[in-house]
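Thanks, everyone, for making time this morning. I would like to walk through one structure with you, starting from a single residue and then widening the view.

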Amino acid sequence: MDAQLREQQIASHTGLVHHVARRFRGAADYEDLVQVGMLGLIHAVDHFDSDQGSSFSTYAVPSITGAIRHHLRDHSTSIKVPGRLQESAARVSRAVDQLTQQLGRSPTVAEIAQLTGTSQDSVLEAIEANHAHTTVSLEDEQSPLGSLGIIDSELEAVETRMAIRQALQALAPADRSVIEQRFYQGRTQSQIADDLQISQMQVSRIIGRTLTQLRASLGGI
Amino acid sequence: MSVAITLPAQAGYAGVLRTTAAAMAARCNLTYDRLEDARLAIDEAFAQVVAFAEPDATVECTFQEAPGDLRFVISGATRLLTELPTDSFSWTVLSALADELRAEVELGRLAIHVRLLEPQDVHA
(Lines give C-alpha, C1' and ligand atoms only; values in the text may rest on other atoms or scores of the structure.)
Protein backbone atom coordinates (compact mmCIF):
# COMPACT_ATOMS: atom_id res chain seq x y z
CA MET A 1 0.00 0.00 0.00
CA ASP A 2 1.45 3.41 -0.82
CA ALA A 3 2.30 5.66 2.09
CA GLN A 4 -0.32 8.26 1.31
CA LEU A 5 -3.14 5.73 1.17
CA ARG A 6 -1.95 4.22 4.42
CA GLU A 7 -1.97 7.63 6.12
CA GLN A 8 -5.45 8.20 4.81
CA GLN A 9 -6.71 4.83 6.04
CA ILE A 10 -5.34 5.53 9.50
CA ALA A 11 -6.69 9.06 9.66
CA SER A 12 -10.17 8.09 8.60
CA HIS A 13 -10.46 5.43 11.31
CA THR A 14 -9.21 7.33 14.36
CA GLY A 15 -12.87 7.60 15.41
CA LEU A 16 -12.88 3.86 15.88
CA VAL A 17 -9.94 4.14 18.26
CA HIS A 18 -11.77 6.75 20.33
CA HIS A 19 -14.86 4.55 20.43
CA VAL A 20 -12.92 1.64 21.83
CA ALA A 21 -10.77 3.79 24.15
CA ARG A 22 -13.87 5.38 25.66
CA ARG A 23 -15.01 1.99 26.92
CA PHE A 24 -11.87 1.73 28.99
CA ARG A 25 -11.96 5.28 30.27
CA GLY A 26 -11.20 5.32 33.97
CA ALA A 27 -8.96 2.29 33.70
CA ALA A 28 -6.02 4.46 32.59
CA ASP A 29 -5.20 7.89 31.21
CA TYR A 30 -7.45 8.47 28.21
CA GLU A 31 -4.68 9.90 26.00
CA ASP A 32 -2.53 6.87 26.74
CA LEU A 33 -5.37 4.58 25.74
CA VAL A 34 -5.86 6.42 22.46
CA GLN A 35 -2.16 6.27 21.74
CA VAL A 36 -1.98 2.55 22.39
CA GLY A 37 -5.21 2.03 20.43
CA MET A 38 -3.66 3.86 17.47
CA LEU A 39 -0.91 1.23 17.41
CA GLY A 40 -3.62 -1.40 17.18
CA LEU A 41 -5.25 0.49 14.34
CA ILE A 42 -1.98 0.83 12.44
CA HIS A 43 -1.38 -2.88 12.87
CA ALA A 44 -4.84 -3.52 11.46
CA VAL A 45 -4.27 -1.20 8.49
CA ASP A 46 -1.02 -2.97 7.69
CA HIS A 47 -2.46 -6.47 7.97
CA PHE A 48 -5.97 -6.06 6.61
CA ASP A 49 -6.75 -8.11 3.55
CA SER A 50 -9.88 -6.87 1.85
CA ASP A 51 -10.12 -10.09 -0.16
CA GLN A 52 -11.05 -11.98 3.00
CA GLY A 53 -14.51 -10.52 2.74
CA SER A 54 -14.89 -8.91 6.14
CA SER A 55 -15.18 -5.16 6.61
CA PHE A 56 -12.24 -3.16 7.88
CA SER A 57 -14.05 -2.18 11.10
CA THR A 58 -14.75 -5.81 11.93
CA TYR A 59 -11.08 -6.51 11.51
CA ALA A 60 -9.78 -3.41 13.27
CA VAL A 61 -11.89 -3.40 16.45
CA PRO A 62 -10.40 -6.62 17.90
CA SER A 63 -6.94 -5.35 17.02
CA ILE A 64 -7.51 -2.00 18.76
CA THR A 65 -9.19 -3.64 21.74
CA GLY A 66 -6.36 -6.14 21.98
CA ALA A 67 -3.69 -3.44 22.00
CA ILE A 68 -5.45 -1.51 24.76
CA ARG A 69 -6.13 -4.59 26.79
CA HIS A 70 -2.52 -5.64 26.51
CA HIS A 71 -1.46 -2.23 27.76
CA LEU A 72 -3.88 -2.41 30.68
CA ARG A 73 -2.77 -5.90 31.61
CA ASP A 74 0.83 -4.74 31.76
CA HIS A 75 0.06 -1.58 33.68
CA SER A 76 -2.75 -2.42 36.03
CA THR A 77 -2.82 -3.60 39.59
CA SER A 78 -5.44 -6.20 40.31
CA ILE A 79 -8.36 -5.35 42.54
CA LYS A 80 -7.72 -6.16 46.16
CA VAL A 81 -9.95 -8.71 47.79
CA PRO A 82 -9.84 -8.55 51.60
CA GLY A 83 -7.64 -11.20 53.20
CA ARG A 84 -10.53 -12.77 55.08
CA LEU A 85 -12.45 -13.33 51.84
CA GLN A 86 -9.37 -14.61 50.06
CA GLU A 87 -8.93 -17.23 52.74
CA SER A 88 -12.52 -18.33 52.64
CA ALA A 89 -12.43 -18.46 48.83
CA ALA A 90 -9.40 -20.76 49.08
CA ARG A 91 -11.21 -22.93 51.65
CA VAL A 92 -14.30 -23.15 49.45
CA SER A 93 -12.14 -23.97 46.43
CA ARG A 94 -10.53 -26.87 48.25
CA ALA A 95 -13.90 -28.08 49.50
CA VAL A 96 -15.35 -28.06 45.97
CA ASP A 97 -12.53 -30.23 44.66
CA GLN A 98 -12.56 -32.56 47.64
CA LEU A 99 -16.34 -33.07 47.47
CA THR A 100 -16.28 -33.57 43.70
CA GLN A 101 -13.83 -36.42 44.28
CA GLN A 102 -15.81 -37.91 47.14
CA LEU A 103 -19.27 -37.65 45.61
CA GLY A 104 -18.30 -38.29 42.01
CA ARG A 105 -20.31 -35.20 41.07
CA SER A 106 -20.26 -31.48 41.64
CA PRO A 107 -21.36 -30.53 45.20
CA THR A 108 -24.25 -28.26 46.14
CA VAL A 109 -23.74 -25.03 48.06
CA ALA A 110 -25.33 -26.68 51.11
CA GLU A 111 -22.77 -29.48 50.96
CA ILE A 112 -19.89 -27.02 50.61
CA ALA A 113 -21.21 -25.01 53.57
CA GLN A 114 -21.43 -28.14 55.68
CA LEU A 115 -17.87 -29.22 54.95
CA THR A 116 -16.36 -25.78 55.52
CA GLY A 117 -18.48 -25.18 58.61
CA THR A 118 -19.91 -21.92 57.32
CA SER A 119 -23.26 -20.61 56.12
CA GLN A 120 -24.47 -20.91 52.54
CA ASP A 121 -24.26 -17.12 52.30
CA SER A 122 -20.57 -17.24 53.18
CA VAL A 123 -20.01 -19.83 50.47
CA LEU A 124 -21.79 -17.59 47.95
CA GLU A 125 -19.68 -14.67 49.13
CA ALA A 126 -16.53 -16.72 48.57
CA ILE A 127 -17.69 -17.66 45.06
CA GLU A 128 -18.18 -13.97 44.23
CA ALA A 129 -14.77 -13.14 45.70
CA ASN A 130 -13.24 -15.78 43.45
CA HIS A 131 -14.45 -13.80 40.46
CA ALA A 132 -13.94 -10.31 41.89
CA HIS A 133 -10.62 -9.43 40.31
CA THR A 134 -11.54 -10.81 36.92
CA THR A 135 -14.73 -8.98 36.08
CA VAL A 136 -14.87 -5.56 37.66
CA SER A 137 -12.40 -3.71 35.47
CA LEU A 138 -14.17 -4.60 32.23
CA GLU A 139 -17.72 -4.08 33.38
CA ASP A 140 -18.62 -0.73 31.96
CA GLU A 141 -17.76 -1.39 28.39
CA GLN A 142 -20.27 -0.60 25.72
CA SER A 143 -20.45 -2.55 22.53
CA PRO A 144 -18.45 -0.57 19.95
CA LEU A 145 -19.93 -2.33 16.95
CA GLY A 146 -23.42 -1.91 18.30
CA SER A 147 -23.00 1.79 18.94
CA LEU A 148 -21.66 2.31 15.44
CA GLY A 149 -24.63 0.53 13.95
CA ILE A 150 -22.34 -1.96 12.29
CA ILE A 151 -24.24 -4.96 13.58
CA ASP A 152 -27.38 -3.97 11.73
CA SER A 153 -25.89 -2.84 8.46
CA GLU A 154 -22.65 -4.63 7.75
CA LEU A 155 -22.28 -7.84 9.60
CA GLU A 156 -23.45 -10.77 7.59
CA ALA A 157 -23.37 -14.32 8.86
CA VAL A 158 -20.04 -15.11 7.24
CA GLU A 159 -18.40 -12.09 8.81
CA THR A 160 -19.79 -13.01 12.19
CA ARG A 161 -18.24 -16.44 12.00
CA MET A 162 -14.97 -14.95 10.86
CA ALA A 163 -14.96 -12.44 13.68
CA ILE A 164 -15.65 -15.19 16.20
CA ARG A 165 -12.87 -17.33 14.78
CA GLN A 166 -10.51 -14.37 14.83
CA ALA A 167 -11.37 -13.47 18.40
CA LEU A 168 -10.91 -17.08 19.51
CA GLN A 169 -7.58 -17.25 17.69
CA ALA A 170 -6.43 -14.14 19.53
CA LEU A 171 -6.84 -15.84 22.92
CA ALA A 172 -4.00 -17.45 24.80
CA PRO A 173 -3.94 -21.13 23.73
CA ALA A 174 -4.76 -22.39 27.24
CA ASP A 175 -7.77 -20.05 27.54
CA ARG A 176 -8.97 -20.99 24.07
CA SER A 177 -8.78 -24.67 24.89
CA VAL A 178 -10.95 -24.19 28.00
CA ILE A 179 -13.53 -22.19 26.04
CA GLU A 180 -13.65 -24.76 23.25
CA GLN A 181 -14.03 -27.65 25.66
CA ARG A 182 -16.81 -25.96 27.62
CA PHE A 183 -18.84 -24.37 24.83
CA TYR A 184 -18.09 -26.40 21.72
CA GLN A 185 -17.54 -29.84 23.22
CA GLY A 186 -20.03 -29.55 26.06
CA ARG A 187 -17.68 -30.62 28.84
CA THR A 188 -18.40 -29.49 32.40
CA GLN A 189 -16.16 -27.26 34.48
CA SER A 190 -15.31 -30.11 36.84
CA GLN A 191 -14.30 -32.38 33.95
CA ILE A 192 -12.02 -29.67 32.58
CA ALA A 193 -10.54 -29.02 36.02
CA ASP A 194 -9.85 -32.72 36.45
CA ASP A 195 -8.08 -32.91 33.08
CA LEU A 196 -5.93 -29.86 33.63
CA GLN A 197 -5.20 -30.76 37.25
CA ILE A 198 -6.30 -27.36 38.48
CA SER A 199 -9.09 -26.40 40.87
CA GLN A 200 -12.57 -26.00 39.51
CA MET A 201 -12.71 -22.45 40.83
CA GLN A 202 -9.70 -21.68 38.69
CA VAL A 203 -11.54 -23.04 35.66
CA SER A 204 -14.53 -20.85 36.54
CA ARG A 205 -12.27 -17.86 36.74
CA ILE A 206 -10.66 -18.58 33.39
CA ILE A 207 -14.05 -18.98 31.71
CA GLY A 208 -15.49 -15.83 33.29
CA ARG A 209 -12.47 -13.73 32.41
CA THR A 210 -12.17 -15.08 28.87
CA LEU A 211 -15.86 -14.58 28.07
CA THR A 212 -15.65 -10.98 29.24
CA GLN A 213 -12.61 -10.52 27.03
CA LEU A 214 -14.34 -12.12 24.05
CA ARG A 215 -17.45 -10.06 24.55
CA ALA A 216 -15.39 -6.89 24.51
CA SER A 217 -13.54 -7.82 21.34
CA LEU A 218 -16.64 -9.10 19.61
CA GLY A 219 -18.82 -6.25 20.78
CA GLY A 220 -22.15 -7.98 21.11
CA ILE A 221 -21.88 -10.42 18.21
CA MET B 1 -41.34 -18.92 44.24
CA SER B 2 -40.40 -16.08 41.94
CA VAL B 3 -38.05 -13.14 42.33
CA ALA B 4 -38.03 -10.08 40.08
CA ILE B 5 -35.45 -7.34 39.56
CA THR B 6 -35.58 -4.21 37.43
CA LEU B 7 -32.30 -2.57 36.48
CA PRO B 8 -30.83 -0.12 33.95
CA ALA B 9 -29.74 -1.55 30.59
CA GLN B 10 -26.09 -0.86 31.36
CA ALA B 11 -23.31 -3.44 31.35
CA GLY B 12 -22.14 -2.27 34.78
CA TYR B 13 -25.21 -3.80 36.41
CA ALA B 14 -24.37 -7.34 35.30
CA GLY B 15 -22.79 -8.04 38.68
CA VAL B 16 -26.11 -7.55 40.45
CA LEU B 17 -27.62 -10.26 38.28
CA ARG B 18 -24.69 -12.63 38.60
CA THR B 19 -24.83 -12.45 42.38
CA THR B 20 -28.59 -12.94 42.38
CA ALA B 21 -28.36 -15.84 39.94
CA ALA B 22 -25.82 -17.57 42.18
CA ALA B 23 -28.04 -17.09 45.23
CA MET B 24 -31.08 -18.38 43.33
CA ALA B 25 -29.10 -21.38 42.07
CA ALA B 26 -28.21 -22.19 45.68
CA ARG B 27 -31.88 -21.91 46.66
CA CYS B 28 -32.71 -24.42 43.90
CA ASN B 29 -30.05 -26.70 45.34
CA LEU B 30 -28.13 -26.77 42.06
CA THR B 31 -24.57 -28.10 42.18
CA TYR B 32 -21.58 -25.78 42.00
CA ASP B 33 -21.10 -26.70 38.31
CA ARG B 34 -24.60 -25.51 37.49
CA LEU B 35 -24.33 -22.47 39.75
CA GLU B 36 -21.32 -21.24 37.79
CA ASP B 37 -23.23 -21.95 34.58
CA ALA B 38 -26.13 -19.86 35.88
CA ARG B 39 -23.80 -16.92 36.60
CA LEU B 40 -22.35 -17.10 33.09
CA ALA B 41 -25.71 -17.59 31.41
CA ILE B 42 -27.31 -14.59 33.07
CA ASP B 43 -24.27 -12.49 32.24
CA GLU B 44 -24.48 -13.48 28.59
CA ALA B 45 -28.25 -13.07 28.32
CA PHE B 46 -28.11 -9.66 30.00
CA ALA B 47 -25.29 -8.57 27.65
CA GLN B 48 -27.45 -9.53 24.67
CA VAL B 49 -30.45 -7.57 25.91
CA VAL B 50 -28.21 -4.59 26.67
CA ALA B 51 -26.45 -4.78 23.29
CA PHE B 52 -29.75 -4.38 21.47
CA ALA B 53 -31.52 -2.16 24.02
CA GLU B 54 -33.24 1.11 23.24
CA PRO B 55 -31.38 4.07 24.78
CA ASP B 56 -32.32 4.57 28.46
CA ALA B 57 -34.15 1.24 28.53
CA THR B 58 -34.62 -0.73 31.70
CA VAL B 59 -34.21 -4.48 31.90
CA GLU B 60 -36.46 -6.81 33.80
CA CYS B 61 -35.34 -10.12 35.14
CA THR B 62 -37.61 -12.70 36.71
CA PHE B 63 -36.40 -15.88 38.36
CA GLN B 64 -38.53 -18.97 38.96
CA GLU B 65 -37.27 -21.26 41.66
CA ALA B 66 -37.92 -25.00 41.99
CA PRO B 67 -35.83 -27.91 43.34
CA GLY B 68 -33.11 -28.69 40.79
CA ASP B 69 -34.69 -26.29 38.31
CA LEU B 70 -33.84 -22.60 37.85
CA ARG B 71 -35.59 -20.51 35.26
CA PHE B 72 -35.12 -16.87 34.39
CA VAL B 73 -36.39 -14.45 31.80
CA ILE B 74 -34.51 -11.26 30.90
CA SER B 75 -36.32 -8.67 28.82
CA GLY B 76 -36.14 -5.07 27.73
CA ALA B 77 -37.19 -2.59 25.04
CA THR B 78 -35.15 -3.42 21.96
CA ARG B 79 -33.89 -1.90 18.71
CA LEU B 80 -34.24 -5.31 17.08
CA LEU B 81 -36.95 -5.39 14.48
CA THR B 82 -36.83 -9.07 13.68
CA GLU B 83 -35.22 -11.89 15.60
CA LEU B 84 -32.17 -12.03 17.82
CA PRO B 85 -29.23 -13.32 15.73
CA THR B 86 -28.42 -16.88 16.74
CA ASP B 87 -25.12 -17.17 14.87
CA SER B 88 -23.38 -15.08 17.53
CA PHE B 89 -20.78 -16.30 19.95
CA SER B 90 -23.05 -15.22 22.81
CA TRP B 91 -25.76 -17.54 21.57
CA THR B 92 -23.30 -20.43 21.25
CA VAL B 93 -22.29 -19.84 24.86
CA LEU B 94 -25.91 -19.62 26.04
CA SER B 95 -26.85 -22.78 24.13
CA ALA B 96 -24.03 -24.69 25.80
CA LEU B 97 -25.05 -23.50 29.26
CA ALA B 98 -28.83 -23.73 29.18
CA ASP B 99 -31.04 -26.79 29.13
CA GLU B 100 -33.76 -24.71 27.54
CA LEU B 101 -33.21 -21.48 25.67
CA ARG B 102 -35.51 -19.25 23.69
CA ALA B 103 -35.42 -15.63 22.50
CA GLU B 104 -38.42 -13.71 21.28
CA VAL B 105 -38.95 -10.22 19.93
CA GLU B 106 -42.50 -9.05 20.48
CA LEU B 107 -44.03 -5.59 20.61
CA GLY B 108 -40.62 -3.96 20.67
CA ARG B 109 -39.29 -6.08 23.52
CA LEU B 110 -36.58 -8.70 23.43
CA ALA B 111 -37.02 -11.51 25.95
CA ILE B 112 -34.53 -14.31 26.55
CA HIS B 113 -35.81 -17.36 28.42
CA VAL B 114 -33.25 -19.59 30.09
CA ARG B 115 -33.68 -22.79 32.08
CA LEU B 116 -31.00 -24.69 33.96
CA LEU B 117 -31.71 -28.15 35.32
CA GLU B 118 -29.73 -30.22 37.77
CA PRO B 119 -28.90 -33.50 36.04
CA GLN B 120 -27.35 -34.96 39.18
CA ASP B 121 -29.44 -36.84 41.66
CA VAL B 122 -28.76 -34.61 44.64
CA HIS B 123 -30.20 -35.64 47.99
CA ALA B 124 -30.00 -32.75 50.37
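When I speak of contact here, I mean heavy atoms within 4.5 Å. Please keep in mind throughout that this is a predicted model.

With that cut-off, and setting aside residues up to four places away in sequence, A:Ser204 touches A:Asn130, A:His131 and A:Gln189, and, from chain B, B:Tyr32 and B:Glu36. This serine sits in helix H13 of chain A, which covers residues 200-218, and A:Ser204 counts as buried because its relative accessible area is 1%, below the 20% limit for that class.

Let me turn to chain B, which has 124 residues, 57% of them buried. Its secondary structure amounts to three helices and five strands, arranged along the sequence as β-α-α-β-β-α-β-β. If we take the contacts in chain B with a separation of 6 or more, 67% of them join residues 24 or more positions apart. The accessible surface of this chain is about 5,200 Å², with carbon and sulfur atoms contributing 50%.

Which residues touch the most other members of the largest nonpolar core? That core has 73 residues, and the ones in question are A:Leu211, B:Phe63, B:Phe72, B:Ile74 and B:Phe89. The most residues in this core, eleven, come from helix H2 of chain B, residues 32-51. Apart from this core lies another, of 20 residues, including A:Val20, A:Phe24, A:Met38 and A:Ile68.

Finally, B:Phe63, leaving aside neighbours within four places in sequence, has among its contacts B:Met1, B:Val3, B:Ile5, B:Met24, B:Ile42, B:Leu70 and B:Phe72.

Note on methods
Residues numbered from 1 in each chain as written. Chains lettered and ligands numbered in written order. Predicted model: local features only at pLDDT ≥ 70, side-chain atom pairs only at ≥ 80, totals over all residues. Heavy atoms only, no water. Core = buried A, V, L, I, M, F, W, Y, C linked by side-chain atoms within 4.5 Å. Buried < 20%, exposed > 50% of the residue type's maximum accessible area, 1.4 Å probe, protein only. Helix = DSSP H or I, 4+ residues; strand = E, 2+ residues; numbered from the N terminus. Areas by Shrake-Rupley, 256 points an atom, 1.4 Å probe, with all protein chains shown as cover.
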